[in-house]
Amino acid sequence: MYLGHTIRAAGSLLPLTSRANRFHGDEAPLSLSLSLSLCLSVLGRLTMQLTQLNRECLLQLFSFLDKDSRRSLSLTCQELREVFLDPCLWTLLRFSSPCQLTRDNFVLGPSLRYLTVSWYSSRVLQVCNIEDWLKSSFQKDICGKHESLVSAFLSHVCRMCPNLLWLTLSGCGHITDQDVICVLQSCRKLRSLHLENCVRITDRSLEGVAAHGGRLEEVKVDFCRNVTQAGLQAVREKRPGIQLSAERSADMIPDSRPEEKVPLRRSLQKLLQFS
């Protein structure tokens, strides 16, 4: 029953004398008070509990809540827990740090279409984006606490989310080419792939795009310094239908291992980049 119908039904139950005396004499305030009391009484009897809503309404209600609120509500009863676990509720997921990937406030399933993992933190630039051979023991300890979180999460996505359409990974300094290739091989419906500030991504990921991204329409590799112009050109030649962009990626200084002979000028540029 809609609320408007309830109010009209309650109004029809008001005494005729109450409605007739609304504008006559001193009895009007008393009659109005009695009328309101009767309305509230009727409305109280017609109050519906949350669990009396049908499944569609409950799913709609949950869709307006964030992940933590959904989980808190799901702990109140078994019926709401089942709504929380419904894969249809989880078509879109956004995470702002790797630690959020380990919480139990979301559900991975075949209904997932849009996934974003973005980590905008000074730690990304100062620690995760530094080559392993340049990190201090302290920096390595920091990275060790979250180094495998995104990769492990993506492996779950590969197994459980075959219908993924959109993937954005930003500031994920520890993901590798193999992580990206596994997603491309498992999520065959993927249409958009956006990699930003992922320092371990190289031309090998671009080769995976050309080989396995059969339905890809858009690929972005922004601020990924180990992507080269040659790798970008190879994708353009093999998959001309893909809208490919690489802001600053191929223009940045790629990583070079200590055993490689690097010109002094490039070494100084690399040092200034992180100073």
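**A loop, a helix pair and a cavity**

Ser97 sits in the loop that joins strand 1 (92–95) to strand 2 (114–118); helices (H or I, at least four residues) and strands (E, at least two) are DSSP runs numbered from the N terminus. This is a predicted model, in which local features need pLDDT of at least 70 and side-chain atom pairs count only at pLDDT 80 or more, while totals for chains, interfaces and linings use all residues. Residues are numbered from 1 along each chain as its sequence is written, and side-chain values use heavy atoms, with hydrogens and water left out.

Ser97 counts as buried because its relative accessibility is 12% (buried: under 20% relative accessible area, 1.4 Å probe, protein chains only). Leaving aside neighbours within four places in sequence, Ser97 is in contact with Ser118 and Trp119 (contact: heavy atoms within 4.5 Å).

Helix 11 (residues 203–212) and helix 12 (residues 229–238) pack with axes 9 Å apart, at an angle of about 5°. Axes are lines fitted to C-alpha atoms over the stretch in contact, and angles run from 0 to 180 degrees between N-to-C directions. The two helices, helix 11 and helix 12, are therefore roughly parallel (angles under 35 degrees). Helix 11 contributes Asp203, Leu206, Val209 and Ala210 to the contact, and helix 12 contributes Gly231, Leu232, Val235 and Lys238.

Trp119 also belongs to the lining of the largest cavity, as do Pro98, Cys128 and His146, among others. On a 1 Å grid over the protein atoms alone, a cavity is a set of points where a 1.4 Å probe fits but cannot get out, and lining residues have an atom within 4 Å of a point. The largest cavity has a volume of about 70 Å³, the volume being the space filled by probe spheres set on the points, which are joined across faces, edges and corners.

Notes. On a 1 Å grid over the protein atoms alone, a cavity is a set of points where a 1.4 Å probe fits but cannot get out, and a pocket is an open set with protein on both sides within 12 Å along at least five of seven lines; lining residues have an atom within 4 Å of a point. Buried means under 20% relative accessible area, exposed over 50%, partly exposed in between (1.4 Å probe, protein chains only). Angles under 35 degrees count as roughly parallel, over 145 as roughly antiparallel, 65 to 115 as roughly perpendicular and the rest as oblique.
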